[in-house]
Each structure stands twice: as structure tokens, then as C-alpha cells.
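Please look through the sequence and the model shown below, and keep them at hand while you read this briefing. The points that follow are grouped by topic.

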Amino acid sequence: MVDQIGGRPDPRSGIPDLTDVDIDSLPDWQGDPLTVYYEPMETESWALTRCPFVVAMGYFTGLQRVWNMPVLTRGTDVWMSLVPMEVESQWIGIDNASGHTVICGLGMGWSAAMTAFHPLIERVTVVERDPEIIELNRRIGLFDRLPDGLGDKITVVQGDAFEWTPDAPVDLLMPDIWLEVVSDGRADETLRMQQNIGAKGVYFWGQELELARHIVRNGQPINDATLAEQAGKFGLPLIGLDTEDYAENTKTAVKQWMKGRWLEGTNVPDELRSPADDMERR
Ligand SMILES: C[S@@+](CC[C@H](N)C(=O)[O-])C[C@H]1O[C@@H](n2cnc3c(N)ncnc32)[C@H](O)[C@@H]1O
């Protein structure tokens, strides 16, 4: 058991409450195969560092111990790290990628590299607006060091995800340009990208939480039918909804990551409540 310095963390923050948690009994995350490629380095605004040990909550899974974690920060903002939450929340898209996949948001290049490993992938185009992060990735050299020349499948273009248009048909669009896993207007922002890109399928970061916010605000239960119906209302050809246990996994992600960020007027049912929803009762 641990005493958390400064007391219990704010339930709306990303920091897990470890009070009453026996850290020794938590599972070790198996780690990510790309972790070894990331060495600490900095540009003027960005820093890639390593955190020796954290206890982190997965997106669909629970608390686990993570060792030697690469982290990408800009000032005090963590934009990407190799933790179960980041990996699990992008994996459905990566696993279902094929043909020509467009990723909006380079970050530390992790999702682009993992997508390049997919045997059905011919081409990965990454759209990134910040030249500094493109330069940081050039220095990391991840794509150049992937085995079997897999990095040759990846092209990074500098541009704004909301403006960029492709030069060839796109099979899958994976937007991941956001700092937080929940933010207002995310489906509309994705639609703006999709209107220029016209991908056959779309998987946007945090889509489970965005689907859930709308479904629950409308007073409906989260199930396969309401998820599909809401995807239709977004006007997006969302993929992943037929993944095994998608509705149950969505509920788990909601309980662990919604952190009170419901749409106005939502009456949160008991089964989806988390400590962040009980702040007003404290
Ligand atoms: C969360 S990170 C992406 C992480 C990435 N999926 C990975 O696996 O490493 C978000 C990235 O989106 C970029 N970004 C933010 N807004 C953007 C925009 N409008 N157009 C293109 N890139 C943008 C940020 O500079 C940042 O590099």
C-alpha cells in the first residue's frame, strides 16, 4: 500500500488513485516492442524522456506496472507515452488497417510504425502540422531502423489535418491529433478531415468515449445497436464496432476514462459512474 504525496489525486485527472492498492500484486505490463527505439532527446519545445516506473490504468484493462516508459512532452503536457492506455486505445485501428492508411498526428511515430508492420498495409501517410515534431522523429530515426525496410511504407507530410487532401484513395483514416482522450466536437472535427480525405473507414482516437457520451446523453444503453446507430449519426464510416466485446469494452473505457466529461444534460446511470461523477456529492 502507498501513501500518495499530496493526498488522493483529483478523480478527474489521469493519475490513478493508488490508495489501498497493493502495487506488488499488480501485473507487469508486457511492454511494447518499439520501446527500445526511443532514447531521450529534446527540441526547442518537445522532449522525449523515459520514466523508470509508473502504475498506469489501461484503456480497456485495469491497473498495471509499467517500466522504463518513453514519454513525449511539450512543456507540462504529455502528448504520447508507451503505456497500456495509449496502446489499447489505438490498437483496433492498427489491427484493422489495410492498403493506404492515413494517420493524422505523428507524435512519436508509434502508431505509424506499428501500422507499417501490418501485412495488409501498402502505404502509411502521416499528416503532422508541427515541423519540430517531424524533426524530432527524424532524429529518433524509428522508421529508418524498422526491420525489412518496413519504414519505406511510411511518408510524413507537414500539413494541417483539417486542410490536407490525399493524392490517392485512402482505405483507413486514423486521426489522433488531440491531447486529451475526450474533448468536445471530436466527431465533427473528424468529419471535417474525412470530408477532404474520403477514407473507406475511420477510427478516431477516443471514439468509444465520444460514441458513449452521445448515447448516454440521449438516455440510451450502450450496446451494439446504439453504437452503430450513433456512428451513423456522426456520418462517419467507423470501424471497430464489430470487434469482440466492443460494447462491454466501451463501458469499461467509459468508467475508467470519461472522468466526468459528459455532455451537458447527461443523467449518468449508476453502472457507468466513476468517482469523478461523484465530485459534487463530496
Ligand atoms: C497524440 S499525438 C499523436 C501520437 C501518435 N498517434 C503516436 O502513436 O505517437 C498528436 C500529434 O498531433 C499533432 N497535431 C495536433 N494538431 C494537428 C493538426 N491540426 N494537424 C496535424 N497534426 C496535428 C501534434 O503536433 C502531435 O504530434
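A residue is called buried if 20 or more other C-beta atoms lie within 10 Å of its own, exposed if 12 or fewer do, and partly exposed in between, with the C-beta atoms placed from the backbone. The model is predicted, and local features need pLDDT of at least 70, side-chain atom pairs count only at pLDDT 80 or more, while totals for chains, interfaces and linings use all residues. Residues are numbered from 1 along each chain as its sequence is written.

- N68 counts as partly exposed, because 14 other C-beta atoms lie within 10 Å.
- D20, which is not a glycine either, has a positive phi of about 70 degrees, and D20 is found in the segment before β1 (41–42).
- D20 is exposed, because 7 other C-beta atoms lie within 10 Å.

**Helix α1**
- Helix α1 (residues 84–95) has 12 residues and should span 16 Å at 1.5 Å a residue, which agrees with the 15 Å between its end C-alpha atoms; the expected span is 1.5 Å times one less than the number of residues.
- Nine of the 12 residues of α1 are buried, so the helix is largely enclosed by the rest of the structure.
- Among these buried residues are P84, M85, E86 and V87, and what covers the buried residues of α1 includes β2 (46–57), β3 (63–74), β4 (77–81), α2 (110–116) and β8 (172–175).

**Two domains**
- The domain assignment, which is automatic or from a database, gives domain 1 (23–84) and domain 2 (86–281).
- The contact between them (C-beta atoms, placed from the backbone, within 7 Å) takes 24 residues from domain 1 and 22 residues from domain 2.
- On the side of domain 1 that touches domain 2, β2, β3 and β4 each supply at least two residues, and the largest share, four residues, comes from β4.

**Around the ligand**
- Of the 20 residues around the ligand, G105, G107, W110, S111 and A161 come nearest, where a residue is near if its C-beta atom, placed from the backbone, lies within 6 Å.
- β4, α2 and β6 (121–128) each supply at least two residues of this shell around the ligand.

Notes. Contact = placed C-beta atoms within 7 Å.
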